[in-house]
Amino acid sequence: MSLIRSLFAVKPVEASLTADDSLRRTLGLKELIVLGVGAVIGAGIFVITGQAAAEHAGPALTLSFVLAGLAAALAALSYAEFAAMLPVSGSAYVYAYATFGELLAWFIGWNVVAEYLLAVSSVAVGWSGYGVGLLNSIGIRVPAALANAPLSFKDGHLQATGALLNLPALLVVAALTALLYRGTQQSTFFASVVVALKVIVVVLFVVCGLQYVDPALWHPFVPENQGGDHYGWSGVFRAATSVFYAYIGFDAVATAAQETRNPQRNVPAGILISLAVCTVLYIIVAAVLTGLVPYPQLGTAEPVATALAAHPSLAWLKILTQVGAVAGLTSVILVMHLGLSRILYSMAGDGLLPTFFGAVHERHRTPHRTTLLVGTVGGILAAVFPLSLLGDLLSMGTLLAFATVCIGVLVLRRTHPNIPRGFRVPAAPFVCSLGVLVCAFLLAQMNLGNWMLLAAWTTIGLLIYAGYGYRHSRLRGRG
């Protein structure tokens, strides 16, 4: 086999369908919806909404969420068809392997690894900020030296802050790692509790906040452009890219397909229902938030709490909001952690990563080694570095994966038309093509710095693939 042909060798769909079933199938539709809502409703509502409104879109943030939701919905339909056809762990990585070949599958998988790892560590840092704020509200003071990163980046240079480590961020990652190590079922039960809590808080915010909304704050709805992507329609589009990464949650649902009962039915339903619920909540919250205070005031670390503080009669909701934010970010970390360990597990199963990543615990039936590895690396990053939520960088990988899956549906419709599909994308040529165009449009809003970071991460991944993955790929019988 020539080098070019081997790099683009496609993994037979039949091989994916006969993948090992060593993971325990414990998840039903309810658990999948919990995973999806748990991953999507978190940083997006409690942090990104305010920042995107203040810096880019103003009241038109609702339109940004509509645009991002449209792109996510188009991709979700494609994910649903793939998940019903290939109900195995790995999500976009597995789908790319079955349609475009090994090299592109590695590219997609490697960038999804970056997304999930950054999501785990950066959301843990956000969790620390809300957690410390909540403790302060009830009179418990956490020393600054133990609640901040010892390193910071300023003017392109690494500097010491004088702090020891961000201990709360490290502890939350460690606790959730232990939970995931024990089993998926226990993890989703815990997620069910925190998801219910944060949805209640979000609903309370909407119901109570609506009474104090001032429609005058929505005018002008699309603020006048102030240059670049600050307001105007360019700001609306830019905000859509900033908030888009929040929709990675339904990708996490797809990664759990191999641990789902009746995945051909439950995974597509879980993807579409969780996305619909979250999109509606995002749009409503954005409208209420920008109607409570002038949008320039929302560029804080706690925009929901900021909006509530502007109305003394809503002060009682502030501590509940902090509790909801802590719960929300906890479930995001949990689901991102679960998804990443399953992606690494699938890549190891194909021989592209060492067998260490593919080990399954004899009693708990979880990929325990990858769970521990993700917890260790994610915890260290969260404890040492002052990672922001990195919405732009996370969105890039998500958009690339979504566009690939949309194209993949059309490819497999031609190459494997007779494979049973528990769900089919309606009007697939139109829906999938539109999905690719919308994702490409949002990618075009990214700045040069983000593309350079993507290039650097991709280069590292290609070196790993050339040094190990290519030589050990099971597709070519070299593993």
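Modeller: Let us start with serine 78, bearing in mind that the model is predicted; the relative accessibility of serine 78 is 0%, and the residue therefore counts as buried.

Biologist: What makes 0% relative accessibility count as buried for serine 78, and where does serine 78 lie?

Modeller: Buried means under 20% relative accessible area, and serine 78, at 0%, therefore falls on the buried side of that cut-off. Serine 78 sits in helix α5, and, leaving aside neighbours within four places in sequence, serine 78 is in contact with Val405, Cys406, Val409, Val425 and Cys432. In the protein as a whole, buried residues make up 58% of the 479 residues.

Biologist: Why is alanine 427 called exposed?

Modeller: Exposed means over 50% relative accessible area, and alanine 427 has 52%, so the residue counts as exposed. Alanine 427 is found in the loop between α16 (391-415) and α17 (428-443), and its phi is positive, at about 50°, although the residue is not a glycine. Most residues other than glycine have a negative phi.

Biologist: Why are α5 and α6 described as roughly perpendicular to each other?

Modeller: The axes of helix α5 (residues 61-85) and helix α6 (residues 92-99) cross at roughly 75° and come within 11 Å. Angles of 65 to 115 degrees count as roughly perpendicular, and the two helices are therefore given that description. Where they meet, Tyr79, Phe82 and Ala83 belong to α5, while Ala92, Tyr95 and Thr99 belong to α6.

Biologist: Which residues make the nonpolar surface patch, and which helix gives the largest share of the patch?

Modeller: The patch, of about 500 Å², is made by Leu135, Ile138, Ile140, Trp316, Ile319 and Leu320. Helix α14 (residues 316-349) provides the largest share, three residues, whereas isoleucine 138 lies in the loop between α7 (102-137) and β1 (151-154).

Biologist: Which peptide bond is cis, and what is its omega?

Modeller: The bond from histidine 219 to proline 220 is cis, and its omega is near -5°. Most peptide bonds are trans. Proline 220 is placed in the loop between α9 (184-209) and α10 (232-244).

Biologist: How many helices and strands does the protein have, and what share of its contacts with a separation of 6 or more joins residues 24 or more positions apart?

Modeller: The protein has 18 helices and two strands, and residues 24 or more positions apart account for 81% of those contacts.

Methods. Residues numbered from 1 in each chain as written. Predicted model: local features only at pLDDT ≥ 70, side-chain atom pairs only at ≥ 80, totals over all residues. Heavy atoms only, no water. Helix = DSSP H or I, 4+ residues; strand = E, 2+ residues; numbered from the N terminus. Buried < 20%, exposed > 50% of the residue type's maximum accessible area, 1.4 Å probe, protein only. Patch = residues over 30% accessible without salt bridge, like charges linked within 9 Å, V, L, I, M, F, W, Y side chains within 5 Å. Areas by Shrake-Rupley, 256 points an atom, 1.4 Å probe, with all protein chains shown as cover. Salt bridge = Lys/Arg side-chain N within 4 Å of Asp/Glu carboxyl O. Axes fitted to C-alpha atoms, helices over the stretch in contact; angles between N-to-C directions. Parallel < 35°, antiparallel > 145°, perpendicular 65-115°, else oblique. Contact = heavy atoms within 4.5 Å.
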